[in-house]
Amino acid sequence: MATPTRRPGDPFQAAEAMFKRTAKRAAEVSRAPVSAAARETVSLKIDRDVLDHFQADGPGWQERINAALRNAAGLGGANDVGKRPEELDASNDD
């Protein structure tokens, strides 16, 4: 006489059933659209004197480099990115 198993049923079918439930939930999750202005991490080699120039003004040097590259590429539109508060146009202040 065979001893009954501790786990009745087919473990493969049980795993498949669990996977199917999880796969449906994952497919239903909506993802936020990726912005065209999304940033991407890259490795860039630049001359030491150029890096020193941008880092001399302190934090925000990466944004200043990005703004300079946008300007050089003629892309514009991000003139205030990386500027310090005192460098921004305060015309809307009371």
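By buried I mean a residue with under 20% relative accessible area. With that cut-off, 9% of the 94 residues in the protein chain are buried. Keep in mind that this is a predicted model.

The overall layout first. The protein chain contains three helices and zero strands, so along the sequence the pattern reads α-α-α. Its accessible surface is about 9,100 Å², and carbon and sulfur atoms account for 54% of that.

Next, helix 3. This helix runs over residues 61-72, which makes 12 residues. From first C-alpha to last it reaches 16 Å, close to the 16 Å expected at 1.5 Å a residue. Which residues of helix 3 are buried? They are Arg-64, Ile-65 and Ala-67. Because they cover an arc of only 160° around the axis, they sit on the same side of helix 3. What covers these buried residues includes helix 2.

Gln-62 also belongs to helix 3. Is Gln-62 buried or exposed? Gln-62 has a relative accessible area of 52%, and the cut-off for exposed is over 50%, so Gln-62 counts as exposed. Gln-62 is 11 residues from Leu-51 in sequence, and the two are 9.4 Å apart in space, C-alpha to C-alpha. Just after helix 3 comes Gly-74, with a positive phi of about 75°.

Now helix 2, residues 48-55. How many salt bridges does a search of the whole structure find? It finds one. The partners are Asp-52 and Arg-48, and their closest N and O atoms are 3.0 Å apart. Side chains of opposite charge can pair when their charged atoms come close. Both Asp-52 and Arg-48 lie in helix 2, four residues apart, which is about one turn of the helix. An α-helix has 3.6 residues a turn, so residues three or four places apart point the same way. Asp-52 is at 39% relative accessibility and therefore counts as partly exposed.

Helix 2 also holds Val-50. Val-50 has 34% relative accessibility, so it counts as partly exposed. The patch in question is nonpolar, lies on the surface, and is formed by Val-42, Leu-44, Ile-46, Val-50 and Leu-69. Together these residues have about 440 Å² of accessible area.

Definitions and conventions. Residues numbered from 1 in each chain as written. Predicted model: local features only at pLDDT ≥ 70, side-chain atom pairs only at ≥ 80, totals over all residues. Heavy atoms only, no water. Patch = residues over 30% accessible without salt bridge, like charges linked within 9 Å, V, L, I, M, F, W, Y side chains within 5 Å. Areas by Shrake-Rupley, 256 points an atom, 1.4 Å probe, with all protein chains shown as cover. Salt bridge = Lys/Arg side-chain N within 4 Å of Asp/Glu carboxyl O. Helix = DSSP H or I, 4+ residues; strand = E, 2+ residues; numbered from the N terminus. Buried < 20%, exposed > 50% of the residue type's maximum accessible area, 1.4 Å probe, protein only. Expected span 1.5 Å × (residues − 1). Arc of directions from axis to C-beta. Contact = heavy atoms within 4.5 Å.
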